[in-house]
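Here are my notebook entries from going through this one.

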Amino acid sequence: MQDLMAILPLVATGAGAILLMLAAAFESFRKEGISIMGIGLFAFAFFVQLAVANSGSFAPYSGVLNGMLATSTFTKVAGLIILACGFFSAIAAQAYFTQNKGFVLEFYCLMLFAACGMLLLTMAAELITLFIALEIMSLAIYALVGYDRKSVRRSEAVLKYLMLGAFAGAFYIMGTVFIYAGAKSTSFRVITDVIATTGFLSNPPLVGGAFLILFAFLFKAAAFPFHAWVVDVYDGAPLPVTGFMATAVKTAVFAVLANFLMISSDLQAAWVDYLFYIAVFTMFAGNLIAIAQNNLKRMLAASGIVHSGYLIIALVAIQAKTFTGGAMLFYLAAYALATLGIFAALSYLAGEEERRVSFDDFKGLARVRPYSAACISIFLLSMAGIPPTAGFMGKFYIIASAFQAGHVSLAILGIVSSILSMWYYLRLIVLMYFREPEDRFEVAEMTLAPLGTIILAICVFAISFYPVVL
Amino acid sequence: MIEHYLFLSVILFCLGILGVISRRNVFIVFMAIELMLNAANLGFVALARLHVSMDGHVLAMLVMAVAAAEAALALAVVILLHKHKGKLDTNIFSLLRG
């Protein structure tokens with residue numbers, strides 16, 4: 001019964017997706033009905049997850065379904081963030097499809113399936129369960145990226161993503177083979193015991209396996225040597241899908257990465273030095289790419305790489321004994337709010353066929369649409385880490401946790417990178433406020449997306465008051 | 001004896017990596033990825049024999065199912081690209097390079 005409780009959000013999203021697919025077959029449910037149903041299902045799943053998270057009847061890291069899954073406060077909060085991302089992305093999608101063609105009724109089903117995979121991913125405590133969850137998520141996301149079959153750009157983006165994603169998936173599965181060779185099991189609990197008795201570095205198959213698995217995860221998280229695909233794929237995907245990928249996928253991947261590193265402190269200690277350099281290079285490579293961009297979507301993709309770098313700082317700083325993941329989750333939530341907000345605003349401001357996407361297209365937005373410009377400015381300031389926004393608190397917690405773990409140089413480099421990143425965030429704000437408008441920014445009438453944007457802007461301030469235990 | 005199967009599995013995996021890196025045809029690249037997944041399957045089955053447990057067999061079956069789903073999506077993408085460009089060379093897809 002407790003097991004069922006723990007997987008209830010999974011059931012809600014999975015069953016919701018199937019329900020939506022059945023509904024899409026009926027003539028009477030058309031575009032609007034399906035959109036509202038999709039948004040509603042995400043809201044429903046969110047509240048189910050909230051209820052499960054608040055019930056608190058089971059111990060932290062308790063095994064579910066014979067140790068296949070494990071739940072903890074960390075996984076529950078990660079699930080909440082993922083479902084909230086899904087909710088706001090669905091709102092953005094609704095606005096996007098009032099102005100763009102290429103809507104298919106299965107769009108929201110795919111989003112729900114992806115969310116289902118992500119929830120499973122955060123809870124997975126066994127390597128093959130994890131692989132299946134990863135693939136449920138990835139396959140749905142591939143289809144979302146390329147679902148507009150008429151567009152050559154989308155097709156190219158999905159080709160690139162699918163090829164590299166499947167390549168990384170193959171590395172993951174080979175890593176599982178190595179770990180199975182070293183530990184005779186793929187369950188996290190057994191691997192922990194094996195490492196405790198034989199040691200990590202004295203067991204070569206485990207080292208090789210962990211290397212291959214980290215390779216695959218770092219690819220999915222867009223960390224330094226494997227970051228190049230992100231900019232192209234995010235640029236090629238439709239706006240709401242880009243927002244969903246940038247936030248929900250990142251949350252799921254970092255949650256699972258933290259869970260994997262938490263298998264054993266020996267395992268984490270063996271990779272900390274490498275993760276240190278990966279964090280530094282990811283931040284600075286992302287900044288360099290972002291500064292060079294003229295397209296807003298590409299800039300946001302590149303800034304996503306920078307934020308991955310900060311999250312890797314959090315990974316370096318976590319300690320297996322006292323792991324709560326508070327700093328990481330707070331940062332993920334803050335980043336998700338700001339990014340989703342920008343994508344929700346863009347989804348109605350971009351106009352038909354994503355007309356306005358470059359920096360120059362948003363010149364003088366503040367004169368014509370002051371509220372939208374103010375919201376976008378709030379999101380950009382939060383991403384840049386200006387107090388009193390959530391982004392500032394997120395960076396504060398991450399850098400404080402790096403100090404606590406004794407990585408002073410990493411903390412300082414994080415601050416330097418954060419200052420560098422102001423350049424491209426403030427550039428857009430300057431363009432919006434201090435230039436004359438050339439465009440009238442006419443968009444179709446809609447209510448949900450602007451409302452969602454304002455709610456997100458309020459949340460950016462609201463969650464910064466939430467106390468986090470490091 | 002079992003070790004030989006494991007070596008074969010690693011060799012097949014490396015051949016798959018080589019295929020992905022060096023080949024330019026989308027089909028061949030996807031075949032190379034399948035080769036990598038099947039190399040892992042061979043490893044699972046061989047290890048199941050070595051550890052005298054059924055786990056490896058089950059894992060191999062699950063990986064096969066996922067690989068089939070991935071192949072289905074990959075083929076759909078190949079058809080999509082062929083419709084747009086009439087060719088399957090990865091070099092001609094350069095709209096998003098940057």
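I looked up Pro388(A) and found it in the loop between α16 (370-384) and α17 of chain A. Helices here are DSSP runs of H or I with at least four residues, and strands are E runs of at least two, numbered from the N terminus. I checked the bond between Pro387(A) and Pro388(A): the peptide is cis, with omega about 5°.

**Ground rules.** I have to remember that this is a predicted model, where local features need pLDDT of at least 70, side-chain atom pairs count only at pLDDT 80 or more, and totals for chains, interfaces and linings use all residues. Residues are numbered from 1 along each chain as its sequence is written, while chains are lettered from A and ligands numbered from 1 in the order in which they are written.

**α13 against α17.** I then went to helix α17 (residues 390-404) of chain A, which packs with helix α13 (residues 296-317) of chain A at about 35°, the axes being 9 Å apart. The axes are lines fitted to C-alpha atoms over the stretch in contact, and angles run from 0 to 180 degrees between N-to-C directions. I noted the crossing as left-handed, meaning that the near helix is turned anticlockwise from the far one by less than a right angle (clockwise would be right-handed). On the α13(A) side, I listed Tyr310(A), Ile313(A), Ala314(A) and Ala317(A) as making the contact. From α17(A) come Lys395(A), Ile398(A), Ser401(A), Ala402(A) and Gln404(A). Contact means C-beta atoms, placed from the backbone, within 7 Å.

**Ala314(A).** Buried or exposed, I wondered about Ala314(A)? Ala314(A) is buried, because 27 other C-beta atoms lie within 10 Å. The cut-offs are 20 or more such atoms within 10 Å for buried, 12 or fewer for exposed, and partly exposed in between, with C-beta atoms placed from the backbone. Leaving aside neighbours within four places in sequence, Ala314(A) touches Ala327(A), Met328(A), Tyr331(A), Ile398(A) and Ser401(A). I also looked at Phe254(A): it is 60 residues from Ala314(A) along the chain, yet their C-alpha atoms are 9.9 Å apart.

**The core.** Tyr331(A) turned up again, as one of the residues with the most contacts inside the largest nonpolar core, along with Ile81(A) and Met137(A). That core has 220 residues, and a nonpolar core is a set of buried Ala, Val, Leu, Ile, Met, Phe, Trp, Tyr and Cys residues joined through C-beta atoms within 7 Å. Helix α14 (residues 326-349) of chain A supplies the largest share of this core, 20 residues.

I found Ala222(A) in the loop between α9 (204-220) and α10 of chain A. Its phi is positive, near 60°, and it isn't a glycine. Ala222(A) is buried, with 27 other C-beta atoms within 10 Å. Val52(B) counts as exposed, because it has 7 C-beta neighbours inside 10 Å.

Notes:
Two residues are in contact if their C-beta atoms, placed from the backbone, lie within 7 Å.
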